[in-house]
Amino acid sequence: MYAKAYKTYKQQGVLTAGPTSHVVMLYDEAIKQLKLGGLSIEQKDYEKTNQYFQKARRIFMELINSLDFQYKISVDLFNLYEFFVNQTIAMNANKDNSDLERMVGIVSDLRQAWVQADKICRSGRPEP
């Protein structure tokens with residue numbers, strides 16, 4: 001019963017979120033999948049490793065597909081997301097998570113920037 005209620009709650013959150021909130025949700029899920037992929041490497045569960053890193057890669061591809069190249073920053077974001085895709089593929093292929101902490105740190109920093117952008121979009125003005 002609780003699992004179904006939680007799933008409904010999560011679905012409502014996705015359906016009612018604005019565009020910047022959706023981006024934050026994608027970052028949250030990418031971070032989660034990267035961490036799970038790293039953990040599964042440590043546990044030598046390579047089937048799970050592949051599943052988690054494939055999910056993370058698909059999230060980064062979705063972020064690439066959502067870019068609007070009429071804005072200059074989209075080129076920079078494209079390059080970062082492409083780097084994330086390539087790093088995720090390499091970690092998965094080599095079963096090596098030595099760069100994982102650095103990558104999760106960069107993704108987390110970008111997530112924080114989107115959180116701030118979301119606050120600005122909601123309030124209509126930047127925070128001091």
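Trainee: Is Asn50 buried, exposed or partly exposed?
Mentor: This is a predicted model, in which local features need pLDDT of at least 70 and side-chain atom pairs count only at pLDDT 80 or more, while totals for chains, interfaces and linings use all residues. Residues are numbered from 1 along each chain as its sequence is written, and side-chain values use heavy atoms, with hydrogens and water left out. The classes are buried (under 20% relative accessible area), exposed (over 50%) and partly exposed (in between), with a 1.4 Å probe and protein chains only. Asn50 has a relative accessibility of 34%, so the residue counts as partly exposed.

Trainee: In which helix is Asn50 found?
Mentor: Helices (H or I, at least four residues) and strands (E, at least two) are DSSP runs, numbered from the N terminus. By that numbering, Asn50 is found in helix H3.

Trainee: How far apart are the C-alpha atoms of Asn50 and Gly37?
Mentor: Along the chain, Asn50 and Gly37 are 13 residues apart.

Trainee: How are H2 and H3 oriented relative to each other?
Mentor: The packing angle of H2 and H3 is about 155 degrees, with their axes 8 Å apart. Axes are lines fitted to C-alpha atoms, for helices over the stretch in contact, and angles run from 0 to 180 degrees between N-to-C directions. Angles under 35 degrees count as roughly parallel, over 145 as roughly antiparallel, 65 to 115 as roughly perpendicular and the rest as oblique. H2 and H3 are therefore roughly antiparallel.

Trainee: What is the handedness of the crossing of H2 and H3?
Mentor: A crossing is left-handed if the near helix is turned anticlockwise from the far one by less than a right angle, and right-handed if clockwise. The crossing of H2 and H3 is left-handed.

Trainee: How many residues of each class are in the contact of H2 with H3?
Mentor: Ala, Val, Leu, Ile, Met, Phe, Trp, Tyr, Cys and Pro count as nonpolar, Asp, Glu, Lys and Arg as charged, and the others, Gly among them, as polar. In the contact of H2 with H3, the classes are represented by 14 nonpolar, 5 polar and 4 charged residues.

Trainee: How are H3 and H4 oriented relative to each other?
Mentor: Helix H3 (residues 46-65) and H4 have axes 9 Å apart and an angle of about 165 degrees. That angle makes the orientation of H3 to H4 roughly antiparallel.

Trainee: At what angle do helix H4 and helix H5 pack?
Mentor: H4 spans residues 73-94 and H5 spans residues 100-123. H4 passes H5 in a left-handed crossing. Their axes lie 11 Å apart, and the packing angle is about 150 degrees.

Trainee: With which residues is Met103 in contact, leaving aside its neighbours within four places in sequence?
Mentor: Met103 lies in helix H5 and is buried, with a relative accessible area of 2%. Contact means heavy atoms within 4.5 Å. Leaving aside those neighbours, the partners of Met103 are Leu34, Phe60, Phe84, Gln87, Thr88 and Met91.

Trainee: What is the relative accessible area of Ser74?
Mentor: Ser74 is found in helix H4. Not counting residues up to four places away in sequence, Ser74 touches Leu67, Asp68 and Phe69. Ser74 is buried, and its relative accessible area is 5%.

Trainee: Which side chain meets Arg111 in a salt bridge?
Mentor: A salt bridge is a side-chain nitrogen of Lys or Arg within 4 Å of a carboxyl oxygen of Asp or Glu, and the structure holds 2 of them. For Arg111, the N to O distance is 2.3 Å. Arg111 lies in helix H5 and the partner in helix H2 (residues 19-42), so the pair ties together parts that are 83 residues apart in sequence. The partner of Arg111 is Asp28.

Trainee: How many helical turns separate Asp118 and Arg122?
Mentor: Asp118 forms a salt bridge with Arg122, the closest N and O atoms being 2.9 Å apart. Asp118 is buried at 12% relative accessible area, whereas Arg122 counts as exposed at 62%. The two are 4 residues apart in helix H5, so the separation of Asp118 and Arg122 is about one helical turn.
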